[in-house]
Amino acid sequence: MNDERTTPEPKGTSDHEFGLRLGVMAALMLLFFLAIVSKLLGIQVFDVKKYRAKASRQYEVMVTETARRGRILDRHGRPLAESVESISFYADPKHVTDPGAAAQLFSETFGKSRRHYLDLFRKKRRFVWLERNVPVAQAAKLMSQKIKGIGFRREQHRYYLNVGAQLIGLTDRDNKGISGLEKSFDKELRGRDGVRVFQRSATGERYPAPDAEQVLPMNGNDVTLTIDADVQGILEEEIAQAVAEFKARSAMGIVMDARTGEIIAMANHPTFDMNRRSGLTADQMRNRAVTDMFEPGSTFKIVMAAAATEALQWRADRLVDGHGGTLTLYGKHIRDHEPFETITFQKAIIESSNVVAASTAMKVGPEVFYRYARALGFGQKTGVGLIGESGGRLKPVSRWGSLTLPWMGYGYQVMATPLQVLQAYATMANDGARMRPFVIKSVTGPDGKKVMENVPLKVAQALKPETARYMAKEYFRAVVEKGTGKLAAIEGIPVAGKTGTAQKLHNGSYQGWRYYVASFAGFFPCDNPQYAAIIVVDEPQTEYYASAVAAPAFSRVCGRALACSLEMQKRLSMKAPEKELLDRVSTVVVPDLKGLRESDAAKLLEWNGLKLEPFGSSGGSVTSQSIAPGSKVEKETKVRVRLTKRVQQVMDTKQDRRADGAAR
Amino acid sequence: MKLSDLKLNLDFDLELDDSPAESMALLPALPGRGDSIAGKMLFLIVALLMCIGVVVVYSSGAGWAEQKFSDPQYFLWRQLTFAVAGMAMIFVVGAIDYHIFRKISKLFLFVSIGLLALLLLLKLVHVIHGAARWIGFGALKFQASDLAKYAIIFHFARLLSEKKAYIKDLHDGYYPMLVLLMTVVALVALEPNFSTASLIAIIGFTLMFIGGIRIKYLLATALPLIPIAAVFAIAAPYRVARLVSFGGGEKEFSYQVRQALLGLGNGGLFGLGLGASKQRDLYLPLSYNDFVFVVIGEEYGFIGAMLILLLFAGIFVCGIIIAKRAPDLFGRYVAIGVTFAIVFFAFINIAVSSHLMPTTGVALPFISYGGTALLFNSLGIGLLVSISRYRKKVETMERAQALLESKGGVL
């Protein structure tokens, strides 16, 4: 062997050559090795940031957890609007490892057959809905169980008590307020959505990322209103009835705490169904009570009366000239509905003499008159804080024409919202102190802590307390006692107020048109006023005098409100006999239940102090009721309703209702 | 223990009567005990790699195992079983005389060629659909190309040692080997398994280069082979796709490549920690197999990746030491062939994982899940161990014989 190594043949190979060739191979391998090392160094050390960023994008998935929208509560804490959470279950059939057990579980919980769920699990798709929008209470058990391949989503539905539609407003699909308080208090109600970071596997399974920052959702704040849901309901019903009775175009009503400015109820008609969102037109969604201004007519005589009492020191028994029912100024006639000669100032007011109002206003003079109008809150926003509030229109004296002052004396050439008129009367009721009206009582955080609280705010001392008391007693109490406002009386309670029947301006003229706005603004009890209210009926057809249209509605609203509200009774510290009288008023009107779901119908009846007696398939919709809508019955009467589940019938009923509405 | 081994070896020696005398003659010994140290080191490195393999395959394959076999430990038990079997294989093969493979190398090669041909035949008559790569049943399935790879190594080692005297001759030295190699490579390429075919070709050529074949012959063969390989490479759409995804911008990277890079990059310098791989959660296909290196890089970072690389470099160094100190030429060439096959495959696998090379279906030796490949590689390591021990064994035997003779005993 040794000689082979020492004497290499040309055709053979040597150890030396072997070593050389081995070295070449080893060198190549070393190159390969270094190439790999440099590549790895690049990926794992130099470009590490780039890949880390990519990786976290791949592994993590952000899921927004919607915060629960806060509730809107009435003054007694009853929810007017609340978000009901519902749960929808879905499955990825590919990941459901034990379909049999899962189907069994769902079948037990929701009552559908096992087969139904098994069929769903057998679907070839990667996503199937198992159950949609089931109540949380029902779903809670399944939610706590982590079933492989099955997940759930929370969804929110805004549910309304269906009162104060225009005041409260609506939310859109994204849970964002789009009108009313839902819009103006959206920031408070909304809360803060949470973000949960999940880790995601390649097959789409998710599990909470342990080290990622999880932002928990913060539920929205509850907004408590000064509204009393009962009174609101009564008011809505009564103005609706007034509209129906007098074939009016629309109607508005406000009930207010005269002492504090809290608004107890604020209603508009026509209105809409907040839960079904049917017939949502701008016309129906407008909160007319604050957005619409009109020429108030005789209710505005409060300014003239206040100025005369305070500035001119006039008394109730002062004699004034009625000019025989017609006063001609600059070629224009001012007429009374009946001719008066010389009468007392008190009679002029209780009989609502335009002639006396005009001449008195002129005696007061423009500056003083304007000052009192402003002091009582006309020509400026009340600051109630509602969307679209109008400040009315009160021209500055410099722009007044020769006829402005006399006309303004009895409520023309000036525009005011129902709320402004009510505020003026509430100011008189509150011993001349004008309070800022408000609807938001407080805002409460999800933890129960008060975030914001509204306190009564005195804006101005418009009148001296004596003046206010004198006016209330001598003039406005008398209106109801023996004047145009007789029908506004509430049994057992002394009421003060004023009617207003204003002719509507049309195409710049009052001639040839028979369109009126009938209103009644008043307060009670007269000797120690607590509550003020206004009813405005726009364009009543069958009757137009406020004394016949608005005054009775005022009486019914306030009477029923007193009958059902313990708070009001307490405030008035009513004694038993008065209460008994009120209880007699407590007959209630049966509402129209057709087409409503059982739960809604029950709620509506409960509200009206009635009881529901269902028959037919439970959980369905009302197709007929034993007592016709609109009929007055004693409280606690049972109303039998037939419930039907068929969708077709519900549709029919809806159409019927629409037809009914049109007929009305 | 040693005596019984000895006896076994003696028996073999007695049987191998037709072996040419020259190959049995020992090459001159080099000073020092480098070969026995290298053998022990090799064994240690491989044992370490196998342990890492068991852990990483379990870690990276649990998700896939759960999904495919509803048992997260599916890969763990199998890999563990094969690792133990692999160890046993190293022990057994390390103890026997490696010359047995010299004797059966021809048979071994023809069996592999026969199997490869059989696979192709079955594919032609549509018994096998798709790529005809696997042979055998149940747990004892193996890739015919693995067998062929070792057959080529053994037979080439034998031929190179036998032809040592006239290895530079074209007709007697080079052509017969080239024909054999091309036969095997063509059969494997037709399976089709183009990447493995190329790798076998590279191993074959490397062995021939080491064995002393004239470089000009090798180059003359390699040059026309390159266009042939290029045509073959673009003949199948999947190969084109792989090449495009390798050469193109980041947008064109295939899903696997993108996930592989993401995993390595996310691992960073120190890694995410044991069992913290996210890529294995079904993002990275074959995370327990061809792309197991990605999971290592992700869980143990650059440091871990470097450790694996260095372990394979260690195998290379040990293999070269054993080859240089091999008792004879057959042993030398087998040692080089086996070492190169294992380390080269490992480097190729790592290069693919780190996007240094286009995607090829090459497993990481000793670590990737796959039982029979592990057994084949253990066989190779066993041989290296056996080669490293041979010289000492012979000396011991000689001393024993001398002792016996001096004492006048009878054999």
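Me: How many salt bridges does the rule find across the interface of chain A and chain B?

Reply: In this predicted model, the rule finds zero salt bridges between chain A and chain B; a pair would have to bring a side-chain nitrogen of Lys or Arg within 4 Å of a carboxyl oxygen of Asp or Glu. What the rule does find across this interface is three residue pairs in polar contact, both residues being at pLDDT 80 or more.

Me: Which elements of chain A give two or more residues to the side that touches chain B?

Reply: They are helix H1 (2-6), helix H2 (15-46), helix H3 (48-59) and strand S6 (194-200) of chain A. With 20 residues, H2(A) gives the most to that side, whose residues divide into 23 nonpolar, eight polar and twelve charged.

Me: How much area is buried between chain A and chain B?

Reply: The area is about 4,600 Å², and carbon and sulfur atoms give 67% of it. Phe18(A), Arg21(A) and Gln44(A) supply 16% of what chain A buries against chain B, more than any other three residues. In terms of contacts, 43 residues of chain A meet 63 residues of chain B.

Me: What does UniProt list for residues 20-42 of chain A?

Reply: The unreviewed UniProt entry lists these residues of chain A under "transmembrane region". In the model, the span is 100% helix and 0% strand, and its end C-alpha atoms lie 33 Å apart.

Me: Why is Ala91(A) called buried?

Reply: Buried means under 20% relative accessible area, and Ala91(A) has a relative accessible area of 0%, so the word applies. Ala91(A) is in strand S3 (residues 79-91) of chain A, and among the residues it touches are Val96(A), Phe121(A), Phe127(A), Val128(A) and Ile150(A). Val128(A) is 37 residues apart from Ala91(A) along the chain, yet their C-alpha atoms are separated by 5.4 Å.

Me: Why does Glu539(A) count as buried?

Reply: The limit is under 20%, and Glu539(A) has 11% relative accessibility, so it counts as buried. Glu539(A) also forms a salt bridge with Lys504(A), their closest N and O atoms being 2.8 Å apart. This pair links distant parts of the chain, 35 residues apart: Glu539(A) is in the loop between strand S21 (531-538) and helix H20 (546-564), and Lys504(A) in the loop between strand S19 (496-503) and strand S20 (516-524) of chain A.

Me: Which helices do the buried residues of H7(B) pack against?

Reply: They pack against helix H5 (99-124), helix H6 (144-162), helix H8 (194-211) and helix H9 (215-233) of chain B. The buried residues of helix H7 (residues 170-190) include Gly173(B), Tyr174(B), Met177(B) and Leu181(B).

Note on methods: Residues numbered from 1 in each chain as written. Chains lettered and ligands numbered in written order. Predicted model: local features only at pLDDT ≥ 70, side-chain atom pairs only at ≥ 80, totals over all residues. Heavy atoms only, no water. Contact = heavy atoms within 4.5 Å. Buried area = accessible area lost by both parts, 1.4 Å probe. Polar contact = N/O pair within 3.5 Å; in protein donor to acceptor, adjacent residues only side chain to side chain. Helix = DSSP H or I, 4+ residues; strand = E, 2+ residues; numbered from the N terminus. Nonpolar A, V, L, I, M, F, W, Y, C, P; charged D, E, K, R; others polar. UniProt positions renumbered as here; feature names shortened; annotations may be inferred. Buried < 20%, exposed > 50% of the residue type's maximum accessible area, 1.4 Å probe, protein only. Lists of a residue's contacts leave out its neighbours within four places in sequence.
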